[in-house]
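Visitor: I have a protein model here and I would like to learn how its features get their names. Could you walk me through it?

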Amino acid sequence: MFQAIGWQHLSLILRGAVVTVQICVLSVLFGGLLGLFIGLMAAGTVRTLRWISAVYVAVIRGVPVLLIIFFVYFGIPLLVPGSSLAEYWAAVIALSIFASAYVAELVRGSIQALPRGQIEAAEALGLSYVDRMRWVILPQAARVIVPPGVGFLVVLIKDSSLVAVIGLIELTRAANIVSSQTADPILAYTLVGAFYFAICYVLSALSRRYERRLGRKMPAPTVGDALTTSIGAKK
């Protein structure tokens, strides 16, 4: 017997929204760290590392997200006999892998977009590779990464709906359940669409505010600033 949409259904959708936000935050965290590492490899001078990073990015970006989810959820237990992987962590791992390739491209592109003179000046001043990245290159690259990075995060949130195929109850899966219980798919999916819109709108608004604040209060760091800060830190 079908039910009218009530608080229990809204509660299920709300819990699904929380799960969606959680897996996306964790995926951005883990995928961002891996992507930063791969992006630095791609922007480096070691040809072998550049080749490895290029192959990784090309493979991950050339494969559908759904296939990555299937491979992680079904493939890892097959590759490691006797192991099992919960739907939640399978979703996090799959989306982290997906995110890492795109973050790597953002990092590589933002570093290569910097004026060559900044990098050459940092090298001429004798800054180590770590100091060049920490005090000169990455702070400037971060200003370039923010707009496309938020755009990718919005895409990631929407693509996270694909993890419903492995049974994780996130927003889309919650909509499927509510729709089957109430026989009112239009209302169920409208509510879920409103949640997706709200999440993405908040992210976009925060991004615009951050960009305005960054442009108004944080002038681009220079090599001289970086050298002064680096010397002060070493003292």
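Guide: Here are some questions about helix packing and salt bridges. This is a predicted model, where local features need pLDDT of at least 70, side-chain atom pairs count only at pLDDT 80 or more, and totals for chains, interfaces and linings use all residues. Residues are numbered from 1 along each chain as its sequence is written, and side-chain values use heavy atoms, leaving out hydrogens and water.

Visitor: Why is α1 called oblique to α2?

Guide: Helix α1 (residues 7-43) and helix α2 (residues 47-61) pack at an angle of about 130 degrees, their axes 7 Å apart. Angles under 35 degrees count as roughly parallel, over 145 as roughly antiparallel, 65 to 115 as roughly perpendicular and the rest as oblique, so α1 is oblique to α2.

Visitor: What makes E105 and R61 a salt bridge?

Guide: The rule asks for a side-chain nitrogen of Lys or Arg within 4 Å of a carboxyl oxygen of Asp or Glu. The closest N and O atoms of E105 and R61 are 3.5 Å apart, so the pair forms a salt bridge. It links distant parts of the chain, with E105 in helix α4 (residues 87-112) and R61 in helix α2, 44 residues apart.

Visitor: Why is E105 called partly exposed?

Guide: Buried means under 20% relative accessible area, exposed over 50%, and partly exposed in between (1.4 Å probe, protein chains only). E105 has 23%, so E105 is partly exposed.

Note on methods:
Axes are lines fitted to C-alpha atoms, for helices over the stretch in contact, and angles run from 0 to 180 degrees between N-to-C directions. Helices (H or I, at least four residues) and strands (E, at least two) are DSSP runs, numbered from the N terminus.
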